[in-house]
Amino acid sequence: MKKLVVLTGAGVSAESGIQTFRDSDGLWEGHDVMQVASPEGWQKNPALVLDFYNQRRKNLLSVKPNKAHKTLAALEAHFEVVIITQNIDNLHELGGSTNVLHLHGELLKIRGVEHPNHIYDSDPQNPDILLGDLCPNGSQLRPHIVWFGEAVPMIEPAIEVVETADLFMVVGTSLVVYPAAGLVEYTPKNTPKFIIDKSVPYVSPQQNLYFYEGKATEMLPQVAEELISKYKN
Ligand code: NAD
């Protein structure tokens, strides 16, 4: 089976009802991202940050994977699919994808501020994190999310995956957040690259680059058909 690597961003979850940044003037659900997604924001007002992610976690209960997530999952019948997502929601997994690498962390995971390498599942019965809630090692719990300005530990495994892609797809990302945006540059020269977005982002000119402008739920099924007919072996 050919290896299909897919980089996704907030646009793939937009039609499930989760807002993107760029379509909301750089706000995240009404908040300045630096207030709720940076170490500085955390230092200034940790209660606000915890509350923000508690709300996002609650919101996950009311959203469902859409046709784009499900189409990517169905492609596993034809390709070895690896999804690299910038999203912190779990809609790829709920849509049926079995190989998902989360670059920027996951809403349903938590860790201690002083113990970043010990990561836990949040308690489905009691998912909120409050000030004073401690990890087993004794430091304040925080969401397992990569904030702006923090290191992205999953970028190395992501690069390794991209370097071995037979086919590469990008769905619903403005490609402005680094290092994620730089992953396109690691694809092998001859690997066809398919860029799907409502408003296609800039990608440096290179061989085998194909753009599809439109909503993920409409374009992905079309592109999937094309991949199956042209590249399945
Ligand atoms: P972004 O907001 O910068 O860009 C969203 C992209 O999706 C844009 O290019 C836009 O044109 C496109 N888009 C919007 N609706 C679409 C649709 N229906 N179909 C196809 N494309 C559509 O998002 P980003 O590039 O992912 O970067 C933002 C950062 O914000 C990420 O690091 C992520 O961690 C975080 N974030 C995550 C979520 C989530 O988990 N669902 C939501 C918002 C922000």
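These legends accompany close-up views of a predicted model.

**View 1. The largest nonpolar core.** This core holds 24 residues. I84, L103 and L183 touch the most other members. Several elements give two or more residues to this core: β1 (3-8), β4 (80-85), α7 (155-163) and β9 (167-171). Helix α7 gives the most, with five residues.

**View 2. The surroundings of L103.** Which residues does L103 touch, leaving aside those up to four places away in sequence? They are I84, T85, Q86, V146, V152, M154, I155, A158, A180 and L183.

**View 3. A second core.** A separate core has 23 residues. Among them are V6, M169, I196 and L220.

**View 4. Helix α4 from end to end.** Helix α4 covers residues 46-60, which makes 15 residues. How far apart are its end C-alpha atoms? They are 21 Å apart. At 1.5 Å a residue, the helix should span 21 Å, so the two values agree.

**View 5. The buried residues of α4.** Which residues of α4 are buried? They are V49, L50, F52, Y53, N54, R56, R57 and L60. An α-helix has 3.6 residues a turn, so residues three or four places apart point the same way. What covers the buried residues of α4 includes strands β2 (27-28) and β3 (31-32). Helices α2 (33-36) and α3 (39-44) are also part of the cover. So are strands β6 (105-112) and β8 (141-145).

**View 6. The salt bridge between D128 and K58.** The structure holds four salt bridges, and this view shows one of them. The closest N and O atoms of D128 and K58 are 3.4 Å apart. D128 lies in the loop between β7 (115-121) and β8, whereas K58 lies in helix α4, so the pair ties together parts that are 70 residues apart in sequence. D128 counts as partly exposed, at 28% relative accessibility. K58 also counts as partly exposed, at 44%.

**View 7. The salt bridge between E150 and R142.** Side chains of opposite charge can pair when their charged atoms come close. Here the closest N and O atoms of E150 and R142 are 3.0 Å apart. Is R142 buried or exposed? R142 is buried, because its relative accessible area is 6% and buried means under 20%. E150 counts as partly exposed, at 25% relative accessibility.

**View 8. The salt bridge between K109 and E106.** The closest N and O atoms of K109 and E106 are 3.3 Å apart. K109 counts as partly exposed, at 24% relative accessibility.

Definitions and conventions
Residues are numbered from 1 along each chain as its sequence is written. This is a predicted model: local features need pLDDT of at least 70, side-chain atom pairs count only at pLDDT 80 or more; totals for chains, interfaces and linings use all residues. Side-chain values use heavy atoms; hydrogens and water are left out. A nonpolar core is a set of buried Ala, Val, Leu, Ile, Met, Phe, Trp, Tyr and Cys residues joined through side-chain atoms within 4.5 Å. Buried means under 20% relative accessible area, exposed over 50%, partly exposed in between (1.4 Å probe, protein chains only). Helices (H or I, at least four residues) and strands (E, at least two) are DSSP runs, numbered from the N terminus. Contact means heavy atoms within 4.5 Å. The expected span of a helix is 1.5 Å times one less than its number of residues. A salt bridge is a side-chain nitrogen of Lys or Arg within 4 Å of a carboxyl oxygen of Asp or Glu.
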